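Please read it alongside the model.

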Amino acid sequence: MSEGSAAGSTNVWLLCRSGACAGARFPLRDGTIRVGRAPDNDAVIDGPDAATVSLYHCEIVREDEGFRVRDRESTNGTWVDGERVTEAPITPAAVVRLGQQGPEFALVIQEAAPELLDRTMEIRAVEPPPPPMPPLPTAAHEESLIAAVDRARRMRGHGFGGETMTIMRDFLTEALRKTHRRHRTMAYALALALAAVSGLAIWKTITLDREKRSIDARIRDLEGALQKAGERSETEQLLSKLNDYQEQAEDLRRSFLYRIGPHDEDDFVTRELRTLMGELGAEVYSIPPEFVERVNHYIEQDCGPDRPNVQHALVESAGTLRTIRRILEEERMPPDLAYIPVVESAFTREPESAAGAAGPWQLTAATARSYGLRVDGGVDERKDFVKSTRASCRYLKDLILDFGAGSSVMLALAAYNSGAGKVKQAVSRTVEDPIKQRNFWYLYRTRALPHETREFVPKVFAAILIGRNPRRYGFR
């Protein structure tokens, strides 16, 4: 029988033989199948396989004498058995490739099963047909299948040849029942396993949280003891213990189970300070409570007695503040350092201070001249917002490089207030270790910094927090 005459009794598919869609079948309906990247094709090629495929690449057509492939003016061409073709006959043995290095296809022709007109089938109107059977493990159903076949043979031996379909249907129904029961058992086992794992994770998270709270309590006790410590040896001993506990807490906080669990949060000011410290490279697990207390003190002062000055700096001089922030960003400096002049002068045009400092950044004449500003009887460029900001950026950069360490920006802030020389002298008199001399938090806890400097740094941070959250503090 020719393929043309067998058209009504055959099923034809286009089988993908390579690439990500290998094994996919596309049925040849209505005698034609269109192949390409466009979504209205019968066989849509997408993903990594689509690199050499055109929107409408080719089509496979069933004809009386067989099958033909026709290229649809594709960019990379249609290839049959290694040769580029415009149109060519193909057989199931032929390999069709889309582009010279593209995905490969072949025809699959399967004879349709003949109608079983000479068999008797039992049909029960009240029962719907069983659902499609999923792939069954051969080992699990082999015995049932053998028993069903033996039963059908015995029935035929006794003259009941029309019962085969009923027997096989019963076998399929029973196989499905066993499969569903096995799937339910597996699902229950999986649910129990997930519940056990979830329970273990919750228990571990609670344990880690409890352990961290315990470490945090010890850290608070040590921080309190450090504020009262007198002898140098006692202070060093307390700091050593504090560092150990902070390392333990950091390791615990980095663990996966701790990160995904709910935990008590810090208060707003502490949380904002942690964010700022991270941005400035001065992040530390435990910010000294005394530092947080001083920041809160200056926030209250800025919102109380000093409110008019802060209002002038943040609201009435908002344009000046934006200009200073822009210059800091151009100089690749932290833009929040723009709040130094808020603390120093609040952008008011007051006369020189008792120390001879002037302008928004309160630069002394000597410092201003050393960074290129003109300061004489006729001109004082310290009062020029742009020029004084650029000079202050260079000054701060030199301070950061001078104190180069993990918390160098914090030390640069300290030195900006009282001068690098004064800070170094104060530190060298109390701290011999050169590494510790460049650790702001060590110097702050041991009170090695001058008192005025210890107060200046939290005052700047108070202004930064208000500037970053003006509505919270009623300035907008």
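1. Overall make-up. The protein has 15 helices and 11 strands; helices (H or I, at least four residues) and strands (E, at least two) are DSSP runs, numbered from the N terminus. This is a predicted model, in which local features need pLDDT of at least 70, side-chain atom pairs count only at pLDDT 80 or more, and totals for chains, interfaces and linings use all residues. Residues are numbered from 1 along each chain as its sequence is written, and side-chain values use heavy atoms, with hydrogens and water left out.

2. Buried residues make up 40% of the 476 in the protein, where buried means under 20% relative accessible area, exposed over 50% and partly exposed in between (1.4 Å probe, protein chains only). Of the contacts (heavy atoms within 4.5 Å) between residues at least 6 apart in sequence, 55% join residues at least 24 apart.

3. Nonpolar cores. A nonpolar core is a set of buried Ala, Val, Leu, Ile, Met, Phe, Trp, Tyr and Cys residues joined through side-chain atoms within 4.5 Å. The largest one has 83 residues, and Leu273, Phe291 and Phe461 have the most contacts inside it. Helix H15 (residues 451-468) gives the largest share of this core, nine residues. Neighbours within four places in sequence aside, phenylalanine 461 contacts Leu273, Leu276, Met277, Leu280, Phe291, Val295, Met410 and Leu413. Another core, of 23 residues, lies apart from it and includes Ile45, Val53, Val96 and Leu107.

4. Second largest pocket. A pocket is defined on a 1 Å grid over the protein atoms alone, as an open set of points where a 1.4 Å probe fits, with protein on both sides within 12 Å along at least five of seven lines; lining residues have an atom within 4 Å of a point. The second largest pocket has a volume of about 500 Å³, that is, the space filled by probe spheres set on the points. It is lined by 24 residues, of which Val343, Glu344, Ser345, Ala346 and Thr348 are the closest to its centre. Helix H7 (307-316), helix H9 (339-344) and H15 each give two or more residues to this lining, and H9 provides the largest share, four residues.

5. Aspartate 81 sits in the loop between strand S7 (78-80) and strand S8 (83-85) and is exposed, with a relative accessible area of 52%. Glutamine 362, in the loop between H9 and helix H10 (365-370), also has a positive phi, near 50°.
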